[in-house]
Amino acid sequence: MKVKVPVSIDAEKCIASKGCTVCVDVCPLDVLVIDVKNGVALMQYDECWYCTPCEVDCPTHAVTVEIPYLLK
Ligand code: SF4
Ligand code: SF4
């Protein structure tokens with residue numbers, strides 16, 4: 001089953017297969033991991049502070065953080 005999580009990663013843009021771990025490194029909650037098999041970053045827990053460094057620092061703009069309406 002595919003679950004909607006607040007942080008989505010565009011697998012086409014993600015360069016984790018080339019060694020990038022920026023989003024994993026900047027996340028204070030450690031909710032992002034690199035899926036080594038597929039060479040992309042992904043969200044392992046549905047938990048997020050919506051602090052957005054993962055989105056801002058991603059060199060290929062592959063990360064989208066969907067901030068819930070009530071927090072905007
Ligand atoms: S920072 Fe961007 S390119 Fe790097 S692993 Fe994360 S999603 Fe992929
Ligand atoms: S918005 Fe913050 S807490 Fe959420 S995944 Fe990105 S860095 Fe981690």
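**Entry 1**

I started with Y50, which is partly exposed, at a relative accessible area of 23%. I keep in mind that this is a predicted model. Y50 sits in the loop between β3 (40-43) and α2 (53-57). I checked its backbone and found a positive phi of about 55°, although Y50 is not a glycine.

I then looked at H61, another residue other than glycine whose phi is positive, near 55°. H61 belongs to the loop between α2 and β4 (63-65). Is H61 buried or exposed? I get a relative accessible area of 58% for H61, so I file it as exposed, the cut-off being over 50%.

**Entry 1: the fold as a whole**

Next I stepped back to the chain. I count 2 helices and 4 strands in the protein chain. Read along the sequence, they run β-α-β-β-α-β.

How does the radius of gyration agree with that of a compact globule? For 72 residues the rule gives a value near 11 Å, and the protein chain has 11 Å, so the two agree. The C-alpha trace of the protein chain spans about 35 × 30 × 20 Å along its principal axes.

I also noted the surface. The protein chain exposes about 5,100 Å², and carbon and sulfur atoms supply 56% of that area. Buried residues make up 31% of the 72 residues. For contacts with a separation of 6 or more, I find that 50% join residues 24 or more positions apart.

**Entry 2: the two ligands**

I moved on to the ligands. Which residues are closest to ligand 1? They are C14, I15, C20, C23 and C58, out of 13 residues that surround ligand 1. By class, I sort that shell into 12 nonpolar, 1 polar and no charged residues.

Ligand 2 also has 13 residues around it, and the nearest are C27, C48, C51, T52 and C54. The shell around ligand 2 divides into 12 nonpolar, 1 polar and no charged residues.

As a reminder to myself, nonpolar side chains tend to be buried together in soluble globular proteins. The largest nonpolar core here holds 17 residues, and V7, I9, C14, C23, L32, C54 and V63 touch the most other members. At least two residues of this core come from each of β1 (7-9), α1 (22-26), β3 and β4. The largest share, 3 residues, is supplied by β3.

Setting aside residues up to four places away in sequence, C54 touches C23, V26, L32, V63 and V65.

V24 lies in helix α1. Beyond residues up to four places away in sequence, V24 touches D30, L32, V33 and I34. I also took the distance from V24 to E12: the two are 12 residues apart along the chain, and their C-alpha atoms are separated by 18 Å.

A62 is placed in the loop between α2 and β4. Is A62 buried or exposed? Its relative accessibility is 2%, so I count A62 as buried, which calls for a value under 20%. Which residues is A62 in contact with, leaving aside neighbours within four places in sequence? I list S8, I9, D10, K13 and C14. For A62 and D10, the sequence gap is 52 residues and the C-alpha to C-alpha distance is 4.9 Å.

**Entry 3: the loop between β1 and α1**

I finished with two residues of one loop. T21 lies in the loop between β1 and α1, and G19 is placed in the loop between β1 and α1 as well. T21 has 33% relative accessibility and therefore counts as partly exposed. G19 is exposed, with a relative accessible area of 55%.

I took one distance for each. T21 and C58 are 37 residues apart in sequence, with 9.0 Å from C-alpha to C-alpha. G19 and V63 are 44 residues apart along the chain, and 16 Å separates their C-alpha atoms.

Technical notes: Residues numbered from 1 in each chain as written. Chains lettered and ligands numbered in written order. Predicted model: local features only at pLDDT ≥ 70, side-chain atom pairs only at ≥ 80, totals over all residues. Heavy atoms only, no water. Near = heavy atom within 4 Å. Nonpolar A, V, L, I, M, F, W, Y, C, P; charged D, E, K, R; others polar. Rg over C-alpha atoms; globule rule 2.2 N^0.38 Å. Buried < 20%, exposed > 50% of the residue type's maximum accessible area, 1.4 Å probe, protein only. Contact = heavy atoms within 4.5 Å. Areas by Shrake-Rupley, 256 points an atom, 1.4 Å probe, with all protein chains shown as cover. Core = buried A, V, L, I, M, F, W, Y, C linked by side-chain atoms within 4.5 Å.
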